[in-house]
Amino acid sequence: MNLRRPATDAIYLDYNATAPVKPQVIEAIADALAMTGNPSSVHQFGRAAREAVEEARERVAAMIGATAAEIIFTAGGTEANNTALAGAGRRRLIVSEIEHPSILRAGETLSQNSSAGGERELRVLPVDGDGVVSLEALDQALGEGGEDALVSIMLANNETGVIQPVGEIATLAHARGALVHCDAVQAPGRIAFGVDSLGVDMLSLSAHKFGGPKGVGALFLRAGVDLKALVAGGGQERGWRAGTENVPGIVGFGTAAQLAAEDLQNAPHVAALRDSVEQRLRAIDPEVRIFSAGAARLPNTSCISMPGVQSETQVMGLDLSGVAVSAGSACSSGKVEPSHVLRALGAPDAETGCAIRISFGWASREADVEKLVSAWRAFYAGLSARYTGGVSQSPDGAGAGAVER
Ligand code: PLP
């Protein structure tokens, strides 16, 4: 198969969509791919594969301060989130409006389809202007008794990078008897966290956001917490997730988990790159808006609105200059829709339609910042030359209400 490759001098600033796979992970996956055994087989081939899976499980558990027995491997963050919501067996699902679609759509589907595990009710909590979940709203939603509720709030948002007060949320929810799940897919290698300090009952991870392969993730399930399997079949993953284990993927995940500590050490460098971009883009145009700048954010994420230039136009313009960023949520890229996350902050459509997300990671360098800023400046200068005087239309004619400058 002939795989298309991007230009060799193109730079990648879209780590929240997916991070480049680390070289050590590629090596570990290649070794695991060459293994023959099914981890469920009792012969030596099977035992070798089982050993590889269990070593990876230890590493993933260590990354989040869990025990290996509390890790269920899944086919990614989406499956982990769906399993948590559907499998916890709680009637009321309380989520926030900035959750990833794998929580929001799963919650909607469960609440609309009562045959899939009893009647469910979905409650979506608002966020403040910086995108932080309101504890008062959670308090009200839980009401007097929360024994029938599952609260699912993400640790860090994929679009803005905003970090939620999950520890406080868990304390409040547990005091009412609710269960707590956290989508921590964007957090590993970016901020230090552990399942005990967060106090959650379940937590979702995905390997491909921090240097591991796509299509593999995990659900942390605290010892003693009940869960119904979403995927039925053979008894793999102690009955919680049927299907022959993705041994190479799991080995790659385990390797990336072990390497995540290095990324944490590198986080101040990544934050400096991000801060430098924000500062320099604002120097080019002071009207540039940095979403959620007033809240605690991941060190690698910047969601920026350049007034008057549609997101897609910016993404395509930067791409032509060899710089890869994304417009809003990359999980739905290909079909550009207004971001539900930015809308939840109360931002007007004229701003949400002009937002791009720049996200850095383990291989990002100062040179990437230089290339991004100069591409952006050139792109912007080109637009200004074409659209002077505040024309109420985007350069591609797509967006109503945008002001070209
Ligand atoms: N949750 C968050 C916050 C995400 O950003 C993503 C992916 O973009 C997911 C869940 C889904 O993870 P996966 O791509 O492994 O299904």
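Domain bounds here come from an automatic or database domain assignment. For this protein, that assignment gives domain 1 (23-259) and domain 2 (262-387), and their C-alpha centres lie 28 Å apart. Keep in mind that this is a predicted model: local features need pLDDT of at least 70, side-chain atom pairs count only at pLDDT 80 or more, and totals for chains, interfaces and linings use all residues. Residues are numbered from 1 along each chain as its sequence is written, and side-chain values use heavy atoms, with hydrogens and water left out.

**Where the domains meet**

Let's start with the interface. Contact means heavy atoms within 4.5 Å. Buried area is the accessible area (1.4 Å probe) that two parts lose on being put together, summed over both. A polar contact is a pair of N or O atoms within 3.5 Å; within protein, one must be able to donate a hydrogen and the other to accept it, and residues adjacent in sequence count only if both atoms are side-chain atoms. A salt bridge is a side-chain nitrogen of Lys or Arg within 4 Å of a carboxyl oxygen of Asp or Glu.

| Domain 1 with domain 2 | Value |
|---|---|
| Buried area | about 2300 Å², 58% of it on carbon and sulfur atoms |
| Polar contacts | 7 residue pairs, both residues at pLDDT 80 or more |
| Salt bridges | 0 |

Glu159, Thr160 and Arg190 supply 31% of the area that domain 1 buries against domain 2, more than any other three residues.

**A salt bridge inside a helix**

Between the two domains there are 0 salt bridges, but a search of the whole structure turns up 20. One of them links glutamate 54 to arginine 50, with the closest N and O atoms 2.7 Å apart. Both residues sit in helix α2 (residues 44-63), 4 residues apart, about one turn of the helix. Helices (H or I, at least four residues) and strands (E, at least two) are DSSP runs, numbered from the N terminus.

Two strands pair if DSSP finds at least two bridges between them. β9 is joined to β10 (residues 301-305) by 2 bridges, and isoleucine 290 stands opposite isoleucine 304 in β10.

Glycine 353 is in the loop between α11 (349-352) and β12. Apart from neighbours within four places in sequence, glycine 353 is in contact with Val309, Gln310, Ser311 and Glu312.
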